[in-house]
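Please keep the sequence and the coordinates at hand while reading.

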Amino acid sequence: MKQADFVNIVMPFKDKVFRLAKRLLVSREEAEDATQEILLKLWKNNKKIEDYKNVEAFSMTMTKNFCLDRLKSKQAQNLKIVHSNYTDGNTSLQKQVEAKDSVDWVSKIMEDLPEQQKIIVQLRDIEEYDFAEIAKMLDMNETAIRVNLSRARKTIREKLTNTHGYGIK
Amino acid sequence: MDMVLNNIEKLIEKYNNAETTLTEEAQLKAYFLSDDVAPHLEHYKPMFQYFLESKKEQYTKDVPLNSKKTKLYQWISVAAVAVLMLGLVVPTFIGPSEQEKREALMAYNQTMEALSLVSIGMNEGKQQLNSLVLVSNNFNHGIEEAGKLSEFTKTTNRIFKNK
């Protein structure tokens with residue numbers, strides 16, 4: 001496979017890889033590094049790629065695993081990924097005030113979701129994959145995906161309703 | 001309008017239970033990104049806006065496929081620098097042989113002769129010559145270094161080929 005062919009294959013979904021990486025790693029730089037490493041891994045396996053029916057799904061699975069591993073090793077080293085908008089896991093009123101507007105506030109709410117839910121919301125609500133594709137990518141059954149997705153959506157709704165009720169916009 | 005609202009309320013209920021299809025979710029997105037969202041549903045707006053905005057983020061760096069080559073190239077540079085350092089360090093320990101000293105002296109004399117020819121008619125020539133005498137003090141080491149430099153040239157050629 002030539003480099004140009006490979007670039008043509010990954011071009012349509014490299015942004016999706018990057019966005020999933022950023023969803024999990026939060027920092028833009030970390031996500032860029034991760035994307036680079038994932039694309040490089042794919043390129044090194046480019047002979048196998050021709051055998052895969054769905055390179056995109058395979059790449060998304062790889063991205064998920066890569067980022068979760070990275071998060072785990074950071075935790076093991078007791079290091080926190082440094083990024084400008086680091087949150088301590090509590091969605092406090094102060095954070096609501098800090099959020100520039102209600103759209104930023106949604107991104108903070110997303111940061112506090114469990115990783116599994118983050119990934120599913122990312123793949124469904126942002127990337128708009130169908131459930132069968134997500135099931136393949138995450139090696140989960142569709143019911144489990146729906147359960148997690150429903151939990152995530154309800155958490156977001158609840159936090160947004162509260163914010164709205166307090167009149168913070 | 002009420003029918004639309006009724007429909008949206010049902011869809012959002014289904015949405016929260018993760019029972020909507022992609023088509024239905026597209027309908028919800030279109031509704032919440034429009035300007036006439038019912039007040040009691042308005043808190044959903046930023047969520048759908050956020051989803052839309054997030055999808056616009058792009059990976060702007062290059063697709064990196066040349067790292068192997070780059071690594072090899074870097075190692076060759078390191079090797080080249082090492083050879084150059086050897087060329088500078090080794091002669092100070094070993095020093096030139098008598099034969100080399102004689103050759104160096106001959107080269108030096110020839111150079112001085114040529115330079116004095118050049119300096120004729122030049123007022124500044126004398127001054128420059130003084131600094132050249134200083135340079136020539138280290139000239140004895142020069143021959144040995146020249147030998148090492150030919151090795152360096154070989155490596156350099158290799159680098160260019162690699163490029």
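**Core, helices and interface**

The largest nonpolar core has 44 residues, and those that touch the most other members are A:Ala21, A:Leu25, A:Ala34, A:Val106, A:Ile120, A:Ile134 and B:Met47. A nonpolar core is a set of buried Ala, Val, Leu, Ile, Met, Phe, Trp, Tyr and Cys residues joined through C-beta atoms within 7 Å. A residue is buried if 20 or more other C-beta atoms lie within 10 Å of its own, exposed if 12 or fewer, and partly exposed in between, with C-beta atoms placed from the backbone.

The model is predicted: local features need pLDDT of at least 70, side-chain atom pairs count only at pLDDT 80 or more, and totals for chains, interfaces and linings use all residues. Residues are numbered from 1 along each chain as its sequence is written, while chains are lettered from A and ligands numbered from 1 in the order in which they are written.

Leaving aside residues up to four places away in sequence, A:Ala34 touches A:Ala21, A:Leu25, A:Phe66, A:Cys67 and A:Arg70; contact requires C-beta atoms, placed from the backbone, within 7 Å. A:Leu39 lies in helix H3 (residues 28-44) of chain A, where helices (H or I, at least four residues) and strands (E, at least two) are DSSP runs numbered from the N terminus. A:Leu39 is buried because 24 other C-beta atoms lie within 10 Å.

Chain B has 7 helices and 0 strands. Of its 163 residues, 9% are buried. Among contacts in chain B with a separation of 6 or more, 60% join residues 24 or more positions apart.

Within chain B, helices H1 (residues 2-16) and H2 (residues 22-32) pack at about 120°, with axes 10 Å apart. Axes are lines fitted to C-alpha atoms, for helices over the stretch in contact, and angles run from 0 to 180 degrees between N-to-C directions. H1(B) and H2(B) are therefore oblique to each other, as angles under 35 degrees count as roughly parallel, over 145 as roughly antiparallel, 65 to 115 as roughly perpendicular and the rest as oblique. Residues of H1(B) in this packing include B:Ile8 and B:Leu11, and those of H2(B) include B:Leu28 and B:Tyr31.

The contact between the chains takes 22 residues from chain B and 34 residues from chain A. On the chain B side, H3(B) gives the largest share, 7 residues.

Key: Contact = placed C-beta atoms within 7 Å.
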